[in-house]
Amino acid sequence: MRKKIVAGNWKMNKTLQEGVALATELKNILAAEKPNCEVIIGTPFIHLATVSELLKDSVIAVSAENCANKESGAYTGEVSAAMVKSTGAEYVILGHSERREYYNETPEILKEKVNLALANGLKVIFCIGESLEQREANQQEAVCKAELAGSVFHLTPEQWKNIVIAYEPIWAIGTGKTATADQAEEIHAFIRKCVADVYGAQAADDTTILYGGSCKASNAPELFGKPDIDGGLIGGASLKAPDFKGIIDAWK
Ligand code: PEP
């Protein structure tokens with residue numbers, strides 16, 4: 001049975017003190033009422049060690065939002081996968097469209113990051129998704145398939161077990177526009193088929209595929225109700241504990 005996950009992506013928000021306050025609030029809420037899914041929070045690098053320690057005995061796992069494509073050495077300002085792992089974080093988000101667009105992360109660079117993350121014992125939430133122009137040209141399937149082929153389909157079946165896919169149509173991220181549940185289901189089913197073509201039907205069935213893009217408490221139940229949508233990667237609505245909890249509750 002594949003995992004159901006609700007994962008937050010704080011992006012470049014929250015000072016350390018604000019992040020600790022949010023993680024504490026969430027920890028207390030979920031201690032009082034156990035979630036029916038795995039819960040992950042993706043935080044900026046500077047929060048990772050403190051928040052991982054804080055959440056050590058909780059149901060919440062911690063993720064980085066990025067890691068370097070180099071192992072170690074003279075790369076000023078970079079943070080390696082080994083460093084992320086040493087904080088206690090379990091996951092790293094890679095391939096987010098903001099990193100692809102603003103920091104020129106190519107499929108080759110992402111492949112290096114994925115390899116290093118897995119080699120260092122991290123699980124990867126790998127993001128894919130098309131732009132508005134690509135959707136209007138009906139290229140969403142080709143784009144998603146190429147992004148998978150370019151950065152993760154070289155992995156062994158054993159490595160694949162540590163990959164979570166997040167389908168995030170770029171036109172829906174932070175825009176308030178959500179893919180309809182049917183639109184999202186259609187492409188999630190396609191992504192699962194692509195995984196089956198490479199790793200087989202059982203591995204595809206075991207792969208968690210998250211939806212991301214203006215997901216909130218009001219639309220999460222319909223999205224998560226679809227057979228190939230296994231949860232969400234949540235940006236804006238992960239920044240306030242009650243909003244995030246509202247999405248987690250979609251699994252109830
Ligand atoms: C994201 O950036 O991963 C995301 C899904 O953002 P939002 O929920 O704010 O659209």
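How far is an oxygen atom of the ligand from an N or O atom in the side chain of Glu-168? Select both and you will find 2.7 Å between them, which falls within the limit for a polar contact (a pair of N or O atoms within 3.5 Å).

Before moving on, note that this is a predicted model, where local features need pLDDT of at least 70, side-chain atom pairs count only at pLDDT 80 or more, and totals for chains, interfaces and linings use all residues. Residues are numbered from 1 along each chain as its sequence is written, and side-chain values use heavy atoms, with hydrogens and water left out.

At Gly-235, a polar backbone atom is 2.9 Å from an oxygen of the ligand. The protein covers 95% of the 300 Å² of accessible area that the ligand has on its own (Shrake-Rupley method, 1.4 Å probe).

**Stop two: the largest pocket.** Now select Lys-11, Met-12, Glu-65, Arg-99 and Tyr-103, which lie nearest the centre of the largest pocket among its 14 lining residues. A pocket here is an open set of points on a 1 Å grid over the protein atoms alone, where a 1.4 Å probe fits, with protein on both sides within 12 Å along at least five of seven lines; lining residues have an atom within 4 Å of a point. Helix α4 (residues 97-102) gives the largest share of this lining, three residues.

**Stop three: the second largest pocket.** Finish at Trp-160, Lys-161, Ile-163, Asp-206 and Thr-207, the nearest to its centre of 16 lining residues.

Terms used:
Polar contact = N/O pair within 3.5 Å; in protein donor to acceptor, adjacent residues only side chain to side chain. Helix = DSSP H or I, 4+ residues; strand = E, 2+ residues; numbered from the N terminus.
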